[in-house]
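Work through the exercises below with the structure open. Try each task before reading its solution.

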Amino acid sequence: MRAVLLLLLLFAAGAAAAYYLRADNGYVLVTYGHWMLETSVVGFTAALVVLLVALLLLLRALGAGIRLPSSVREGLQRRRANRQHRALKQGLMQWLAGRFERAEVTVEKDLPEGKEAGAHHLIAAMAAHRQRNSDRVAHYLQRAAVIDDGLVGEATTLLQAKYAIEGGDLEAARADLEALRQRSPSHPRLYPALAQVMLAQHDWRAAYELLCTAEKARGWAGEQWTEYTLEALAGALAEALRLDEARQLWAQLPATLRKTVHAERLYAEALYRLNAEKELMTVVHRALEQRWDPVMVRLFLRAETPDHVAALASAEQWLQRHGEQPELLLAAAHTCRRNRLWGKARSYLDALIEQAPSAEAHYEYGLLCSATEQPEAARQHYEEGLRRALSA
């Protein structure tokens, strides 16, 4: 386009010169040896223009000839790159459409060089995995792993870990994810996957320590972090053999979870198992001051509190706060019996059996009747409690 414009400008200039010089053409005389050339100014100018145009075209032709090999090479490279891009796009669409065998062949047919080949190998690995061909999966992942590119390496590691989890090889999956943790500690999919592996291995303490530091990490889906952390807390508390271990785990728990019902119940159950009645009562009182929780009342019933009077006062206070809940009526009757307040215990049990008869209520009534020397009534309540327990 530029050459055409240049020619048009030259012709326009020549036409303008011919127009202005038509009255006086002038002349140009050129001598060289025995040769002599005489012409008008207009003719000389036109000849000069034609010569310049010819020289320009010649130079362009020479330049094109010199650049021809590289131009051909670049053209072939562009065609190959376009073909590889089409193969990758087509292979991905075939994989999404469920044509896994064709997708594998398509992406591996036109492989680019360097890090661009990583996407081809990974799609081929996913396609081979859907065909349940573990050997080809390993082959493609191995080829992707040797590519020196950060994103390809991360994708390869996550894919290896995913397939290892599905295959039950948790050790290999954990090793892959730990390696990724060293290279990319802020990867958004790292912590959910690593926590999942640790929980599956029942490595509760390691999972708990990981999760307590990963609340703000990216990649958690909905309440996934909360669910995983509470599961790890339950396992770690169940393994705790000393009270100080349970205290340390509870102190390590993020404040956002320490206020949840599930977490408080887990900690209270651990305190009960470790015979920490004083701390258990503190947790139970704190929970029941904030809300109604039948699990905490059951733990209160199971604990052997030395101060029976204080226990009775607590039970009656909770009755006033939360109303005549069956668990609270049972707790009040239980503490009255331990304080030898037979009449109050009987009234609470009568109200409980009328409202919600249960095996626990009849058992407690049997204990009361035994303590007040009523063996026949005690026998009847024990039998009724056993019948309800067996039919539950």
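Predicted model: local features only at pLDDT ≥ 70, side-chain atom pairs only at ≥ 80, totals over all residues.

**Exercise 1.** Determine how helices H6 and H7 run relative to each other.

*Solution.* 
- Start with the angle. H6 (residues 150-166) and H7 (residues 170-183) pack at about 155 degrees, and their axes are 8 Å apart.
- Apply the cut-off: angles over 145 degrees count as roughly antiparallel.
- H6 and H7 are therefore roughly antiparallel.
- Now list the contacts. From H6, the residues include Leu158, Ala161 and Ile165; from H7, they include Ala173, Leu177 and Leu180.
- Sort the contact residues by class: eight are nonpolar, three polar and three charged.

**Exercise 2.** Find which residues of H9 are buried, and what they pack against.

*Solution.* 
- Take H9 as residues 204-212.
- Its buried residues are Trp204, Ala207, Tyr208, Leu210, Leu211 and Cys212.
- Look for their partners: H7, H8 (190-200), H10 (224-239) and H11 (243-252).

**Exercise 3.** Classify the aromatic pairs Trp220 with Tyr228 and Tyr363 with Tyr382.

*Solution.* 
- Count first: there are five aromatic pairs.
- For Trp220 and Tyr228, the ring centres are 6.2 Å apart and the planes stand at 85 degrees, so this pair is edge-to-face.
- Both Trp220 and Tyr228 are buried.
- For Tyr363 and Tyr382, the centres are 5.9 Å apart with 45 degrees between the planes, a tilted pair.
- Check accessibility. Tyr363 is partly exposed at 47% relative accessible area. Tyr382 is partly exposed at 31%.

Definitions and conventions: Residues numbered from 1 in each chain as written. Heavy atoms only, no water. Axes fitted to C-alpha atoms, helices over the stretch in contact; angles between N-to-C directions. Helix = DSSP H or I, 4+ residues; strand = E, 2+ residues; numbered from the N terminus. Parallel < 35°, antiparallel > 145°, perpendicular 65-115°, else oblique. Contact = heavy atoms within 4.5 Å. Nonpolar A, V, L, I, M, F, W, Y, C, P; charged D, E, K, R; others polar. Buried < 20%, exposed > 50% of the residue type's maximum accessible area, 1.4 Å probe, protein only. Phe/Tyr/Trp six-rings, centres within 6.5 Å; stacked < 30°, edge-to-face > 60°.
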